[in-house]
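Dear colleague,

Please find below the structure that I am handing over to you.

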Amino acid sequence: MKEFKPIKEGKVREIYDNGNSLIMVATDRISAFDHILKNTIVNKGKILTQMSRFWFDFTKDIIPNDLISIDTKDMPEFFQNEKFDGRSTMCRKLKMLPLECIVRGYITGSGWASYQKTGKVCGIELPEGLNESQKLPEPIYTPSTKADLGDHDENISYEESIDVLEKEFPGKGQEYAEKLRDYTIALYKKCADYAYGRGIIIADTKFEFGLDENGNIVLGDEVLTPDSSRFWPLEGYEAGKSQPSYDKQFVRDWLKANPDSDYLLPDDVIQKTIDKYQEAFELLTGKPFEA
């Protein structure tokens with residue numbers, strides 16, 4: 001049996017080279033504030049993998065994606081065991097574009113902090129008098145650069161995103177920037193409308209895109225998971241305060257309140273996080289989660 005070793009390890013995922021494809025494995029690690037926490041969240045990787053598959057299928061009418069299979073029977077023998085089952089994605093190889101494509105439908109987090117100081121988010125002027133967690137008149141596109149492990153992503157303006165893309169793809173910066181912005185907004189609107197009908201507000205999220213062998217832009221990485229998005233329960237939503245969440249904001253809030261934790265979570269926070277991820281999966285997909 002051929003042995004495989006990761007060619008790249010991120011905060012949560014491990015990536016393996018499978019010749020003409022990649023195999024991306026979602027671990028149960030969890031990160032916050034650019035640190036990998038000392039705990040794992042049981043079954044988190046499986047929830048992320050299955051949720052991304054759901055959204056890839058839901059959005060394929062807007063843009064093609066890199067998904068080939070999440071069934072380990074379609075993968076080399078090395079991956080056909082319990083360690084990888086349910087958390088592995090075989091996907092097409094893409095040349096990833098150097099941006100995280102963030103879209104905000106509600107004002108919260110770093111966007112709220114920026115708005116309080118300047119009235120703007122990533123250089124975008126917003127109406128006066130907005131409250132925390134308020135829905136924006138229209139979703140806004142606020143890209144960021146991708147940081148290496150341990151570094152911080154940097155929020156940039158749309159105009160700066162053109163320059164970032166132009167450096168790597170001379171003559172294509174403007175075209176790619178426009179397409180990434182338009183795809184990001186279109187994906188968000190369709191998915192946020194759907195989620196709202198299932199009782200979940202998608203406050204914001206991020207997408208990543210790459211180029212296929214023909215130079216077409218393709219959706220990749222993960223899509224609309226609790227790791228890459230802010231999910232709020234629709235029931236009880238009220239602007240003017242922070243919201244309870246189904247995502248890892250719960251973990252961020254606990255860490256902020258416990259600065260001496262050394263990134264170690266207590267058991268009850270771990271269990272609540274598992275429960276929140278699973279509840280979000282079941283609400284959005286309409287199916288029970290099966291580990």
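The notes below go from the chain as a whole to a single residue.

Please bear in mind that this is a predicted model. The mean pLDDT of the protein chain is 92, and 98% of the residues score at least 70. Confidence is highest in helix H4 (residues 173-197), with a mean of 98, and lowest in helix H5 (residues 249-257), with a mean of 87.

As to the fold, the protein chain contains six helices and 16 strands. Its radius of gyration is 19 Å, close to the 19 Å given by the globule rule for 291 residues, so the chain is as compact as a globular protein of that length. The C-alpha trace spans about 60 × 50 × 40 Å along its principal axes. Of the contacts with a separation of 6 or more, 62% join residues 24 or more positions apart.

Buried residues account for 51% of the 291 residues. The protein chain exposes about 14,100 Å², of which carbon and sulfur atoms supply 47%. There are 38 positive and 51 negative side chains, and the centres of these two sets are 1 Å apart.

Ser144 belongs to strand S13 (residues 144-145). Its relative accessibility is 1%, and Ser144 therefore counts as buried, the cut-off being under 20%. Apart from neighbours within four places in sequence, Ser144 is in contact with Pro98, Leu99, Glu100 and Ile102, and also with Asp153, Glu154, Asn155 and Ile156.

With kind regards

Methods:
Residues numbered from 1 in each chain as written. Predicted model: local features only at pLDDT ≥ 70, side-chain atom pairs only at ≥ 80, totals over all residues. Heavy atoms only, no water. pLDDT = per-residue confidence, 0-100. Helix = DSSP H or I, 4+ residues; strand = E, 2+ residues; numbered from the N terminus. Rg over C-alpha atoms; globule rule 2.2 N^0.38 Å. Buried < 20%, exposed > 50% of the residue type's maximum accessible area, 1.4 Å probe, protein only. Contact = heavy atoms within 4.5 Å. Areas by Shrake-Rupley, 256 points an atom, 1.4 Å probe, with all protein chains shown as cover. Lys, Arg positive; Asp, Glu negative; His and termini not counted. Charge placed at Lys NZ, Arg CZ, Asp CG, Glu CD.
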